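Here is a friendly walk through one structure, taken a piece at a time. Have the viewer ready and follow along.

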Amino acid sequence: MTPQERVRALIAAAREVAEKDSSVGKRVRARWLQTTGLSPEGIELALDNSLEISPSEAEIEQLIASVPTSKRALVLLSANVFVGAHRALALALAGSEHVVVRVSRRDPVLAAALFEGCPGLFEIDSDLTPARGDVFWAYGRKETLRAVQTGLPGGVQFLGHGPGAGAALLELTGASAEEMQSQAQGLVLDTVLFEQRGCLSPRVVLVTGSTEEVTCFAACVVAELTSLGKRVPRGELSPDEQADLVRFCDTLTYVGKVFDTEPGIVALSESASLSALAPVGRAIHIQHVEEPILPLARIGHVLTSVGFFGSETLRSQLSSALPKVRITALGKMQRPPFDGPVDLRQR
Amino acid sequence: MKAATLEESDALHREVRAFAAGESRVTFDELALRIARFQAENIAGFRQLVARFGSRLECVESIPAVPSDAFKLTRVAVHPSELDVVRFRTSGTSAEAQGVHALRSTLTYSALSERFGRKALMSKDSAVVVALTPKPSDPVESSLVFMMREFIRSFDPDFTLDEPESKESSFEPWLFGREGADLAGLKRACSHAKETQRPLLLLSTSLALCQLLEQLEGEHFALPASSIVMHTGGPKRRSGELDLSDLRGRLARSFELDPGQIVGEYGMTELCSQLYEGTARGVSLKGPSGVFIPPPWLRVTAVDPLHLRPVEPGTMGLARFVDLGNVDSAVAVITQDLVRARDGGIELLGRQPGAVARGCSLAIEALLEGAG
């Protein structure tokens, strides 16, 4: 099989999984309710928006061009956002004919379903034994990646993808009411997807503009979060996640203004400090700042994606300051093109 | 800032100092509530917090605690910045990640820290006091270093109140430089303590003491009998790197001291008061090892992180402090330090780690590490 055929075969299997009424589709949805912490509607939202089942031919070619080739690729999957295994497998298959995967014990659902959907395309093994010439794709926590890399024999190419976070930057000066609303809609969608547990999820929102513009935008975000919350109930939060939300809410009540939504929290402040980032669980802290690039550059080492709205001048400053970060439209942060790894920090 | 507000603040400061000196008829609860109402009247953020909690500030438990993160995000003060006399900064990886506790007077801070420090660390009227930290330059931005300087001034007669470096002292009290701990300086301080028949009081962070032990390379460095080593820090971010009971044992062996003479201190930039272990011989503060005892003007409660209600006695919870010393900032502060009430004090159990990342998102602390 050519790389293109391997990737397409995987996408076809993913399409079957995404199909709500297929037998595999029903099965995985039931399992995901237990493994993801998302509501059924949250799972559908993620499948609709973030499982890449119809990439263009150009994207597939770009994806293939983005990876190193090897006879064999090993993939160590983590309990990533639940659709993450798809791209991880596509990347390995794009570069190697022989792919061996160790699935996450915590969330093996998608990898197992894709394996079932395209038998023989890759192997699943609980024990990866890297050898010279292999490419080793690893996903997980920083400590895990460090330990794996340290234990590799010589001649193995290591490609590690650790955790990360997204940010949003909006230049609101002169924005129309319609633009405010559509940007708020995009930001809320990016936030609600995976309940901010993804490495592309926005955890920082910096805005520039007048006080009136920023206040108006915050009101739009509150309305959109409330509206989407009705259609897509929040999933279950762990006690620790709930505690983080309580702390966030109390802190921002002191620092700025908090708007409770059902479910979620929107806060507005004039603080430029990124030292109290929004926790997971639909928490949006809109920070009204004068200069947004410097604070973002300071946390550039952990940023994977910036959802952006604003002038070309600001966009160009942003891309110069953060050359390894995907800059996308709001509402598209969680669906980057299927053109390679989502996280470009390793590049 | 209105003159009346300043007057009220001054009056509260005086009342807190009188309370600490045992010269006040006002109870802790009354004073805490007076300070909370004063802050609610003069700090918009605190007023909002009070409103959110639906509190009428009728009892100490109903005072909403300001999360320590607020000090990083905004100014936590009754007074405007022009009136600041010191700005204590929390440790942080970048200026943005640092919290600031601004004081418009250090009188209360000094009085409270000196009073309880004396109880925990002084077995005689005076000592030879040295600090394992670089010589500070004004303005001092670390509350710990500020407190160390106060102790040097108050407890060591070799140094005048105004000039801790003056007089004909034969040694320098600040014993940490680019090369690490100043062993020669420490030897000189020891000799001076022996000559003057005073105990040596060594003030340090736990990390600086680790560095000192490394420099000693296993050699013993006997301190005069009844010396006390005060160490602080460790159970927060760097807990994984530092085993405090191990450190205590190594220090006791190395300095040839009874382990009880190694006294832990707990303080934080956001507070004006400190807690100590009461283990040293001859001091008036008494308590078991590992238990940090608050002064009468500081109340610590372990609360559950979700509802912020007190947990059952003996159960672990987040530390909620009501500190009468924080007249002009936040009388009640909640931290992410985990504690358990025991024997009239608290045990420190590390730091609430925040939610474990379930997807590929980053835990909040991890995001901040390395920022800047």
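The notes below go through the sheets and then some of the helices.

## Ground rules

This is a predicted model, where local features need pLDDT of at least 70, side-chain atom pairs count only at pLDDT 80 or more, and totals for chains, interfaces and linings use all residues. Residues are numbered from 1 along each chain as its sequence is written, while chains are lettered from A and ligands numbered from 1 in the order in which they are written.

Helices (H or I, at least four residues) and strands (E, at least two) are DSSP runs, numbered from the N terminus. Two strands pair if DSSP finds at least two bridges between them.

## The five-stranded sheet of chain A

Start with an open sheet of five strands in chain A, ordered E3-E2-E1-E4-E5 with parallel pairing. Its edge strands are E3 (123-124) and E5 (157-161) of chain A, each pairing on one side only. Helix H7 (residues 142-150) of chain A packs on this sheet and touches E1, E4 and E5 of chain A; its direction makes about 175° with that of E5(A). Contact here puts C-beta atoms, placed from the backbone, within 7 Å. Axes are lines fitted to C-alpha atoms, for helices over the stretch in contact, and angles run from 0 to 180 degrees between N-to-C directions.

Within the sheet, strand E1 (residues 70-76) of chain A runs parallel to strand E4 (residues 135-139) of chain A, and four bridges join them. Look for A:Val75, whose bridge partner in E4(A) is A:Trp137.

## The seven-stranded sheet of chain A

Chain A also has an open sheet of seven strands with mixed pairing, in the order E8-E9-E10-E7-E6-E11-E12. Strands E8 (257-261) and E12 (326-329) of chain A are at the edges with a single partner strand each, so one side of each has no neighbour in the sheet. The twist from one strand to the next averages 20°.

## A helix in chain B

Helix H9 (residues 244-255) of chain B has B:Arg248, B:Leu251 and B:Phe255 as its buried residues (buried: 20 or more other C-beta atoms within 10 Å of its own; exposed: 12 or fewer; partly exposed: in between; C-beta atoms are placed from the backbone). They lie on the same side of H9(B) because they cover an arc of only 70° around the axis, the arc being that of the directions from the helix axis to the C-beta atoms. The face turned away from the buried side of H9(B) carries exposed B:Ser245 and B:Asp246.

Just after H9(B), B:Glu256 takes a positive phi of about 55°.

Definitions and conventions: Two residues are in contact if their C-beta atoms, placed from the backbone, lie within 7 Å.
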